[in-house]
Amino acid sequence: MRLSNFYTKTRRSMAAQDSKNAYLLEKAGYISQVAAGVYAFLPLAVRSLQKIETIVREEMNALGGSEVIFSALQPKSTWEKSGRWEDKNFRQIVYLDPEADMTFGATHEEPMTIALKQSVQSYRDLPVILFQFQTKFRKELRAKSGLLRGREFRMKDLYSFHPDEESHHKFYEDAAKTYLKVFERLGLDAYRVKASGGVFTDEFSDEFQVICETGEDEILVNHKTKTGFNKEVEDKLKETDKKKLERVKAIEVGNIFPLGTKYSDAFDLKYLDASGDRQSVWMGSYGIGISRLLGTLAELFNDEHGLKLPSQVAPFEAVVINLTSSKTGEKIYSDLTEQGVEVLLDDRDEMAGTKLVDADLIGYPIRLVYSAKTAQDGKIEIKERGSGKVTLVNLEDVVGRVQKLLS
């Protein structure tokens, strides 16, 4: 991709923001704020979000999920039948059109259950695992912290339907392991933390938290087991047990909820077992905040010069900056492209300093600079954004070196 054909615009000066991720992502040209808790995702962010979704999708497919897309709009009657419409906590988070009696679906337990009622008849029809990527809308009263707490956000939500508690529990644990794998692939060190079920369930839920000093959540953790408890449930712990845990700040990047038969019973979703008896379906709900992950990565991977996103989620893996009048930069760009490297050629009519500053601000994992000075020795400068390490490499070795760094 040539930068002259790719829309992006960095900013030299920015007013102070309430969060590091909002400040950096907006300054680097990834996002544009529309209102409190509402952001437009610009081309750089779209590329990163797509990469995050690809990793999540691969793992959800491996877990046995089938991808769907449900409507964001839902009739009020859907929530009334489950009893959630009368829940004042739930009512606080949904957007309602009173004329049409419609809401923006803040979550999809009820719609998924309704859909399966039409197709699940026998134990042979179970289990069913459905997931989707969707923009969610929630009336967030404390919209702040950039992409970490928004009114409109990108999310992956998965719902499991099993014939009994035992098979549900096995899948639930498999899902927890898969979540940890997802976060590891994204370059995040996540802890599995017990938390409140909120508006979803009366049982404990499991959150996946990433330690971050600017995080909104406070958790008590065991670093050896990578487990812990959210502060909201610490009253359930014995004082002797609490003393063994460290209290830290963290960002929630995912959560899973055991739902039991609450929603299947509300909508009479039952199946015939092998004996011909009608049984309730056991359900679970599993969420990952896709746009929140981008905010989390920005919050954790940065320095005074800008973003330092891992290569697996950065919008481009490398950028080529040619500061000479020769075609060498073009050739390097072409060679890397042919080998499958996601490389950007900064062919803008801009000063060298502007190109170098922008490269650090946007956070390309690898920066290749060909200048008159390096040309004298037939070399090119390679800078690794993550470590800051700079090396000079022979032109004939560039492709191999870049591939090795990315691997």
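Which residues of H1 are buried? I started with this helix. The model is predicted, and I took local features at pLDDT of at least 70 and side-chain atom pairs only at pLDDT 80 or more, while totals for chains, interfaces and linings use all residues. Residues are numbered from 1 along each chain as its sequence is written, and side-chain values use heavy atoms, with hydrogens and water left out.

**Entry 1: helix H1**

I found Asn21, Ala22, Leu24, Leu25, Glu26 and Lys27 to be the buried residues of H1. Buried means under 20% relative accessible area, exposed over 50%, and partly exposed in between, with a 1.4 Å probe and protein chains only. Helix H1 covers residues 20-27 and is mostly covered, with 6 of its 8 residues buried. Helices (H or I, at least four residues) and strands (E, at least two) are DSSP runs, numbered from the N terminus.

I then looked up what the buried residues of H1 pack against: strand S1 (31-35), strand S2 (38-41), H9, strand S17 (302-303), strand S18 (306-307) and H11. Contact here means heavy atoms within 4.5 Å. Just after H1, Gly29 has a positive phi of about 85°.

**Entry 2: nonpolar core**

The largest nonpolar core has 59 residues, and Tyr30, Ile52, Phe183 and Leu186 touch the most other members. A nonpolar core is a set of buried Ala, Val, Leu, Ile, Met, Phe, Trp, Tyr and Cys residues joined through side-chain atoms within 4.5 Å. I followed Leu186 and set aside its neighbours within four places in sequence; Leu186 is in contact with Ile52, Ile55, Leu293, Leu297, Pro310, Gln312 and Val313.

I traced an open sheet of 5 strands, in the order S20-S19-S21-S22-S23, with mixed pairing. Strand S20 (343-345) and strand S23 (390-394) are its edge strands, each pairing on one side only. From one strand to the next, the twist averages 25°. Axes are lines fitted to C-alpha atoms, for helices over the stretch in contact, and angles run from 0 to 180 degrees between N-to-C directions. Two strands pair if DSSP finds at least two bridges between them.

Strand S19 (residues 318-322) and strand S21 (residues 366-370) run parallel and are joined by 5 bridges. I noted Asn322 opposite Tyr370 in S21.

The other open sheet I checked has 3 strands in the order S4-S6-S5, with antiparallel pairing. Its edge strands are S4 (73-75) and S5 (96-97), each pairing on one side only. S5 pairs with strand S6 (residues 102-104) over 2 bridges, and the bridge partner of Leu96 in S6 is Thr103.

**Entry 3: cavities and pocket**

I used a 1 Å grid over the protein atoms alone: a cavity is a set of points where a 1.4 Å probe fits but cannot get out, a pocket is an open set with protein on both sides within 12 Å along at least five of seven lines, and lining residues have an atom within 4 Å of a point. Grid points are joined across faces, edges and corners, and a volume is the space filled by probe spheres set on the points.

The structure holds 3 cavities of 30 Å³ or more. The largest cavity has about 70 Å³ of space. Of its 13 lining residues, Leu3, Arg348, Asp358, Ile362 and Tyr364 are the closest to its centre. H11 gives the largest share of that lining, 4 residues.

The largest pocket has a volume of about 1300 Å³. Of the 46 residues that line this pocket, Arg138, Glu140, Arg149, Glu252 and Arg292 are the closest to its centre. S13 supplies the largest share of the pocket lining, 7 residues.
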